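Thank you all for coming; I would like to take you through the side-chain contacts in the model on the screen. Please keep the sequence and the structure open while I talk.

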Amino acid sequence: MSSTFLGLTIGYSGLAAYQAALHTTGNNLANVQTKGYCRQQVTRVPSEEIRAYAKYGTVGTGVTAVAIEQLRDTYYDYKYWDNCERYGEHYTKHYYMDLIQRYIEEENQKGITNALSGFDSALEDLLKTPEDFSTRNALIHSSSNIAKELNTLVESWETVQEDCNEEIKSRVDQINSIAQQLIVLNKQISMVEVTGEKANELRDARNLLIDELSSVCDVEVEEKAVPSNMKDAYGNFIYTGQTTYSVKIDGQLLVKDFSCNALEVRPREVKNNQSDIDGLYDIYWKNGQDFNMKSTSVGGYLQGLIAIRDGNNAENLQGSIDTTKINTTENSVTITNPNITDITKMNMPESGKIILNSKEFTYDRFEYDPDTKEYKFYLTKPLTAADQTLLSKPDGKAAVGNTVDYCGIPYYMSKLNEFVRCYAMEANRIHTQGQIKIDGNFVQAGNMYTSAKPAGGDYTFADGNKVGTNTDTYYNMVAKYFKVTDELMDDPNRLAVTSNLAQGSAGTDIAKLFKEMKDSRIINGATPSQYFEAILSDISVGTQSAKQNMDNYNSLGNSITNQRLSVSGVDEDEEGIDLVKFQHAYNLSSKVISVLSEVYDKLILDTGV
């Protein structure tokens, strides 16, 4: 049977429930501009009824506030994280592509274009007075200016590659820091929610970390309820609010409840591309698990940084393993049907990594035979029996370095290398046809351009196109060390103007051939200026593509954010209406108690026997 004073209990339940609702609404309004805050509401249910032992059976006992819960739709969270990952990738690509473009445009407008024009003007003067010392000297210095401008451009791009490299390290540190913070929050949330309460503010902090992480790399989040060891009367496990929480990046586990797998960076021992700077970082899991940097699903800032730093447009050396030429004595593997057979396009380092049938090996040198169009790589470690079995499989594939299908620094460096090799080969071919007078003797002129050796001295390119150990070929020429020979810089009289000095001042056939270089398609079917403009155009297209993608994902992100906020964001007008509603309900509950107090007063004081 219900108590005579049940009405007071009912009125009090309303006061307590709507007081909680008012406090929650006030908390929402206080956090209307708080980043990451998720709107909360009080979940109210009817209190458990009691048996009245009357015709009407049961009597309601008021209202109970059972929880203060967040209004959150995980569907929009996943959409938001996915978009953040894509936006982060293309934002990074645009930022660094814009730097690459600015450097080459600056060199094109102020340096290389002017240098090529200056060389042409100096040739005009030389043709007028071929025996004049000053005009010879002017031509040599204008040739040197071309080389210096290319050297400067390479140094600028190396700076971009180094910046990307350092940011990769910074982003890895950021991932590890977020992982540690997630562990702390998981512990705090578990301690609160094991009692059946909701750790709303802690969950907001955790979701804000996931928002941050999603812009750095691809993120997968999974949370599942964990049953306790207790069972109900029907044999079902009882859920107490405890959950298990895991975070994966690129499909690999980063955080699992109260533990995490940390990442680390290590400098490469060998280069992936010929013109890479030293000390580029590779990413590893500290627990020994592989981190696949070549994956296209790494996502976020990290994906963009790897693409810019390592992107070679998938133009690294690729070919087939010749199973009949696996030499265990000299520990070598021969590659046939290579995709690169032109020495001017070779971009593999002298020593580095080679992927043979999906297994990574290192080599300390290689040889290339232009007659058979075959490469032979000498591996640093002896081939085991298992290695020999692996390499002997039919249709075996080989690749040097990593295949990164994006036009990043390595790709554009290889294009500059191709430019200087083709340009130098033609200039040297013309110049060595000329005659010069040294100590009263007529001798053949030497090279006009060369490249400095890392150990000192210059290359002479005397070994033709056959690349091998200590060979002197145009494979060794790179834009960073491209220069006019020291002999010409020191003595302008070594500049060849004619192929026959007996012609006297009328002999200018070599100078005329240099003049024709301007319009000769000597670089991959293009003139020097056309080829350089093509590089600039490629960079411009890449920059615009990255910007367009960035803008698209930014617009999409704004739309998703609005959808997300429509569920979990705080709307001042809506909260203001709720504030009035809950105030009115609170006042009515108070009125119930006031009315019943008068009734009970009458009952107790004025009712007699």
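This is a predicted model: local features need pLDDT of at least 70, side-chain atom pairs count only at pLDDT 80 or more; totals for chains, interfaces and linings use all residues.

Let me begin with a question: does Arg-72 count as buried, partly exposed or exposed? Arg-72 counts as partly exposed, at 24% relative accessibility, where buried means under 20% relative accessible area, exposed means over 50%, and partly exposed lies in between, with a 1.4 Å probe and protein chains only. Residues are numbered from 1 along each chain as its sequence is written, and side-chain values use heavy atoms, with hydrogens and water left out.

Now to the charged contacts. Side chains of opposite charge can pair when their charged atoms come close. By the criterion used here, a salt bridge is a side-chain nitrogen of Lys or Arg within 4 Å of a carboxyl oxygen of Asp or Glu, and the structure holds 40 salt bridges. Arg-72 takes part in one of them, with Asp-77, where the closest N and O atoms are 2.8 Å apart; Asp-77 is buried, at a relative accessible area of 3%.

Another salt bridge joins Glu-315 and Lys-415, with 4.0 Å between the closest N and O atoms. Glu-315 sits in the loop between helix 5 (300-310) and strand 11 (318-321), and Lys-415 in helix 7 (residues 409-431), so this pair ties together parts that are 100 residues apart in sequence. Helices (H or I, at least four residues) and strands (E, at least two) are DSSP runs, numbered from the N terminus. Glu-315 counts as partly exposed at 32% relative accessibility, whereas Lys-415 is buried, with a relative accessible area of 14%.

Within helix 10 (residues 528-568), Lys-547 and Asp-551 are 4 residues apart, which means a separation of about one helical turn, and they form a salt bridge whose closest N and O atoms are 2.9 Å apart. Lys-547, at 33%, and Asp-551, at 32%, are each partly exposed. There is also a network of salt bridges, which links Arg-268, Asp-276, Asp-282, Arg-309, Asp-310, Lys-353 and Glu-360.

Turning to the rings, a search of the whole structure finds 24 aromatic pairs; rings of Phe, Tyr and Trp (its six-membered ring) pair if their centres lie within 6.5 Å, and planes under 30 degrees apart count as stacked, over 60 as edge-to-face and the rest as tilted. Tyr-75 and Tyr-76 have ring centres 5.4 Å apart and planes at 65°, so that pair is edge-to-face. Phe-419 and Phe-532 also form an edge-to-face pair, at 6.1 Å centre to centre and 65° between the planes. That pair links distant parts of the chain, with Phe-419 in helix 7 and Phe-532 in helix 10, 113 residues apart, and both Phe-419 and Phe-532 are buried. One aromatic cluster is formed by Tyr-363, Phe-366, Tyr-368, Tyr-375, Phe-377 and Tyr-475.

Finally, there are charges over rings, for which NZ of Lys or CZ of Arg must be within 6 Å of the ring centre and within 35 degrees of the ring normal. Arg-266 lies over the face of Tyr-284, at 4.0 Å from the ring centre, and Arg-564 lies over the face of Tyr-80, at 4.2 Å from the ring centre.
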